[in-house]
Each structure stands twice: as C-alpha cells, then as structure tokens.
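Morning, everyone, and thanks for coming.

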Amino acid sequence: MSHRARWGAVFLAPVLTVALAATPAHAAEYERVLNGTFDSGKSPWWSSGNTPSAVSLGRLCADVPAGTVNPWDSMIGQNDIPLEAGQPYTLRFTASATRDVSLRAVVQLPAAPATLNKTATVTTTPKSFQFTGTSTTAGLHAQLQFQQGGAAQPFTLCLDDVSLTGGAVPPGGGRDFGSPVRTNQYGYAVHGPKKASIVDASATPVQWRLLDSSGAVVKNGLTRVQGTDTASGDHVHIADFGSVHKAGTGYTLAVGTATSYPFAIADNPYKTLRKDSLGYFYAVRSGTPIEAQYAGDAYARPAGHLGVAPNKGDTDVPCQPGTCGYSLDVRGGWYDAGDQGKYVVNGALAAWQLMDSYERSRAQDDTAGLRDGLLSIPENDNGVPDVLDESRWETEFLLKMQVPAGEPLAGMVHHKIHDLAWTALPTQPDKDSQPRYLHAPSTAATLNLAAAAAQCARVWERYDEAFARRCLTAAKTAWKAALASPDVYAPGSDSVGGGAYADTDVTDEFSWAATELYATTRDRAYLSRIDTKITPAGFSWRDTGALADLTVVRLPSRFPAPMVAAARKRVLAVADGFVQDARSQGYPNLNLPADGVYVWGSNSVTVNNAMVIATAYDITDRGVYRDAVLESLDYLFGRNALNQSFVTGYGTQDSHNQHNRIWAHQIDPKLPSPPPGSLAGGPDSALQDPVARQNLVGCAPATCYIDDIYSYSTNEIAINWNSALAWVATFAADSAR
C-alpha cells in the first residue's frame, strides 16, 4: 500500500521525444487525475522523502530543499494514471512559490518516452499553466511528476487545480469479460454439481452443448432462465450438466457461437487445491529460509527479519516510543498480507482455522487431512499432521507477543509488529531496512491469543504435551489479563507502515475465547461468558462471535447438551440462508450483502460462509450443503461476473498479480507471481485505492475488481483469506473421496 514514488526515485536523466499538439476540439474531457483540487486532503499525491508536503488553504504545498543536483531529486507526484497509445493529453495546473523558480511537468509511463515534459516558470503570484502531449504507449501506471530539484536555495512550492484530461476511453470503460459462458475454469467433481452461468438477454431458454477436448458433443440441453443478477447487472441463464460423470480434461461449454474456457471433470479435483492453499503458509513464513527443496526454485528466498543487516527486526524489537520499556524476540510467524507486518488478530484467526480443519478431519475420519507428509514443508516427516505443524509456526509467534511478567499490562498481548513506514513494491523480506516496532497491547489481541492458545493446548496434547501446557498457560494468563483490562483498544489511526486492524467491540472475542477455554479445560467458570450466537453476518477477524457456535457443534461432547442443540439449530438456520443467497443469484456466490456493497476481501466472506455451510453438512449429511460448498468453489474458479478465477494457478484467466512485496512479477519479471493456491481479495465496491478509482469507475458491485499489483483494495492476499480457502479445500477434497 505504499504511496511512495515507485520509479521516479531512480529517474534517469530523460532523453525524451515529446509529441505536442493542440487538443482537438472534439476530444473528450476525461479527467485522469484524482483529487487535483486537494479538497479531499493529500491522498493519493506523494512527494519525495526530502520534500515534505501538506495541504494548506486548499493547495498542496511542498518544502523544496537546496543542494540537490537533478530536477528529479525533489518531486511531487501521482501514480497509476492510465494512458492510451496515440491519444493527446492536456495538463493544467496552478502554481506559485516563495521565490521565482522553474519546474518540470512530466507525464510518463515506466520505460517509455514521456507523454509530456515541459518547463514552467513559477513566480510568487499564482499562475495557471497548460501543456499538451501525446502518449506513444498504453499503460495503467503513468506517473505525473512535478520536478523541482537542483535548487540553490530552499523554497516552498504550492500547486492547485491540477488536471490531466484526454483519452478516448472514459474512466471505468473498455472492460471486456470475455465469453458470456462462465464456468469453473479448473475442474468439477465427477460426483458433484456441474453448472455454468451464461450471460444472455433471452427471456426463454437457450440451447447449450458440452464438448469434449476433440470438439465432439457429449451432452446438450436447455438453460434455465435465472433472470437479472443484481450484483452484476447481467441477465443470466443456468446450464446444468451434472448428469455427466465421465472424467476428462479439455471440456468446454458452448452456447451459440460462444464457448467457455476449458475445464476438467475429475474424481477429486480438490486434492491439489488442498495442498496448494495450505502450502501458501510455508511460502509466507517469516524468520526462516524458504528452501527450494520445499517451495521450488522460483519461491526460494533467504530468511527475513532475523536482525541481519539491513533488517532491524524481529529478534529484539522495541515498543513504539512511550508505550513500553522492553524489547521482545518475536521472530517467526507468517507475513500477513501485501506487507510484511505480523498482526495478532489476523494471525490468530488463520491459525485457528488451520487447527479447526485438523479437528474437523479427526471428527470426520478424514485421514488425508491428518497426514504427516501432506505438505512440502521441513516438518513433513515428524509424526505430526502437517496442518498442525504449519499452524504451530504462527502460534509460536503469537505466544511471543505476550507482555512479560513484571511489566505493566503483563499477560496482555501486543496488537501487532510492523515497519515504521511503508516499504516499496517489491521488497524482499531480507532486504527490508525499516525499523520495526511492537505496537501497544490491546484487549482484542489478548483474547485472540487466549482463544487460539486454548485450542492449541487441546490439539497438541497428543503430540507435544509440553507445548500444549505452554499454550494453555498463555491462554489462561491472557484471559485473566483481558478481564483486568477489558477496554484497551487499538487505534484506527495507526495505519502507517502496516494495517490498523482496529476493533472497539470485544464482546465477541470474550465469548470466543471463553468457548475455546471451556472446550479445553471444562472449567465451568468460562461458561457464563459464552454469550454470542452465529448470525447471517458470519464472521471475520473483527467479528469472531460466530466461532463460538462453530466450536460448540464441532466438539459436541465437550459442551452441555442444551447448548449444543441450540448452536446446531442456529448454524443450520444461517447455513440455509447462505444456500438460498447463492440460489437467488446468477452466480453461486455465498456472499449476498444486504446493502449490495462488496467489502474489502469479499472473497473471504464467500469462503468463510462456505465453512459454515460445510459445518452444516457435517451435522446433517445433507447433500444440498455439500453441493453449495462445491459451487462456491465454482464461483472462485471463474463462474462469476468477471469470468475470472480468483485463485492463482487455477483456470485460464486466473489472478496472478496480487498486491504483495515478495511475489511481484508484474513489476519485476525476474520475480514470480504468487504461488498456486493464493486467493485474491476480490471485488470491493468502495474502490479504495488509486488503481481501482481510475479503472473501475461505475463498476457493478460484483465487477469491482482488477488483477493489478497496485490495487491493494481489490487484489491483496492475506493469511486469513487463505486459511479459509484451505479449510474449504480440505472439506471439498474429503467430500469428493
């Protein structure tokens, strides 16, 4: 989520060809600059590190230093401006300075001739400027730069009314989702549901044809008219070819002249997904080398954040100034998402989902899910299920985040650790030179540790009694500390260098932690604090109350019978609602927001809701629940309004440019894309990053997504999203055996 200059910081002396022309009278005035009047503050504008800037009196003003050499040594700019080849663009702005100076106004795509490179003479009186140039190259990531380096004396530069207009395609226009025949691009189970969604305006059924790899017709039939899908605006038909049970690859579905992407029908297409989605966690381990023998050559990398230069963490990490007087060794754990921070509230949920997947596999006699050797990790031959080994890597880190005895707030848990400032994309973990700090303890983080550590004590008892005891001691200590400090909240403003993960309602965390502690200890003192219920809102890192009911029904012998009966009734009712939500839409998304708004990480809502439905299947053995879970994977694998598989390596049109500092192939071709099995965040109606705001204007909620590394609000990856996918993939692989 860095707002720093990306390639401007190493801008070479430009040898540029500028095509200047008068703007044609008929050219559309499509605005390409965001917040050019600075009415919304500074974002998404940036300035060089030596050029501090702020909005003052409705202008962006920057203090330009003396003593630099090149014009590009001091800049103000904006990234992610889309340009079209052969189109003219007109730059307009008003500028003034505390003394007469000159600046360069540059519009340029990376590694391309400048669209515009002009000098403006700025005086102490505000003056308006207008320049026009033509782009010779197309791209989504042009930079607008005001270069004012090389000054002999310092001065203040102020800009206002910055505008860049031009291009033939309006903002948000020109999107093409390919074939109207939308299928699971990866594979259907031989003995599972097999449906496709077809965008077709016809009010009556149309014929579909299932073709094998040679083009021969295997099956044909008529669609069912579903109608208008509200979230996408598409008029959708459904084709059902579930009666086909012949395994094979290269199948396609045709409607008229339109054909889907190819897909397979396999006995169990989910086994590979189970391994890949779980294998993701080894690739994001912190504090250990990622070895080629386990991850493959492309994903091997040195250990990050072990206190070896240029790293400044994580073996002896101080608190933010003024929050504590000690340092902690917090090496290990998983890197959270697009950044390389580590957050207790996200990490505890992800570890919990892996441990819950283990408990489910044990309860359902899923021997494959319990296998030592399932994953390609260093611990894959130690007599412990690999899913537990991987969860332990994060749990060990969570335990280290607890405030030591004898210190103020002893037993509480630090909310997070991350860099002082955002690092650039890409930045390999061992090359991160930023100082790292422990952030203040919070009640939410403390209760997340209590819950995950209590579960840890339960699942590890049969494999490592000493570790289980350590987990239980930490859980009980955290619980007592949270009772003593029930309202210590992480500030929502603490979002520089890492995410805030703020949460000011911890009643749900108290209930979840009490549930896990009671399940492990049978101490009735915890029972009275179990007071949350699963609702159609589901669960997330911030809202964990539903996890209480899920644990109760997962472990019915550990809870009073009336509590189990009530929890089962609630889980089934919520699962029934999710199934109906999917049926009511043109695409089988288990996420149907009441307000129609897709949130950041919307795909995680889909897989979390699938986990609830899968739990309902475990309770009842009703096939309708299993089918709904498998169809939710169809949605993730391409049966959606975008015709996009959101899982890397799964499908023809798969997400592979997710926002991440380690795997940045889009920026540096020498680096890989995220590993197979990485889940992209998915549509976000709010358009919360510049790339989304530039390219998704006017998008229907279900289509507010772009596979671009700089679109952190629609295309990030995160451990708690992949843990949910891994849980569902393990269920699917088990259900198809």
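Predicted model: local features only at pLDDT ≥ 70, side-chain atom pairs only at ≥ 80, totals over all residues.

**A sheet and some disulfides**

Let's start with a pair of strands: β25, residues 416–419, runs antiparallel to β26, and three bridges hold the pairing.

β25 and β26 belong to an open sheet of three strands, ordered β23-β25-β26, with antiparallel pairing. Which strands stand at the edges? They are β23, residues 342–343, and β26, residues 436–438; each has a single partner strand, so one side of each is left without a neighbour in the sheet. As a reminder, strands of a sheet pair through backbone hydrogen bonds, in either a parallel or an antiparallel way.

On to the cysteines. How many disulfides does a search of the whole structure find? The count is four. Number the bonded cysteines of the chain in sequence order and the pairing reads 1-2, 3-4, 5-6, 7-8. I'll show you three of these bonds.

Here is C61 with C158, sulfur atoms 2.1 Å apart. The torsion about the S-S bond is about 110 degrees, so the C61 and C158 disulfide is right-handed. Buried or exposed, then, for C61? C61 has 12% relative accessibility and counts as buried, and C158, at 8%, counts as buried too.

Next, C319 and C324, joined with an S to S distance of 1.8 Å. Here the torsion is about 90 degrees, and that makes the C319 and C324 disulfide right-handed. The two ends fall into separate classes: C319 is buried, with a relative accessible area of 6%, whereas C324, at 24% relative accessibility, counts as partly exposed.

Finally, let's go to the helices. C456 and C471 form a disulfide, S to S 2.1 Å. This one also links distant parts of the chain, from C456 in helix α5 (residues 443–460) to C471 in helix α6 (residues 465–484), 15 residues apart. With a torsion of about 55 degrees about the S-S bond, the C456 and C471 disulfide is right-handed. Both of these cysteines, C456 and C471, are buried.

Terms used. Residues numbered from 1 in each chain as written. Heavy atoms only, no water. Disulfide = S-S within 2.5 Å. Buried < 20%, exposed > 50% of the residue type's maximum accessible area, 1.4 Å probe, protein only. Helix = DSSP H or I, 4+ residues; strand = E, 2+ residues; numbered from the N terminus. Pairing = 2+ DSSP bridges.
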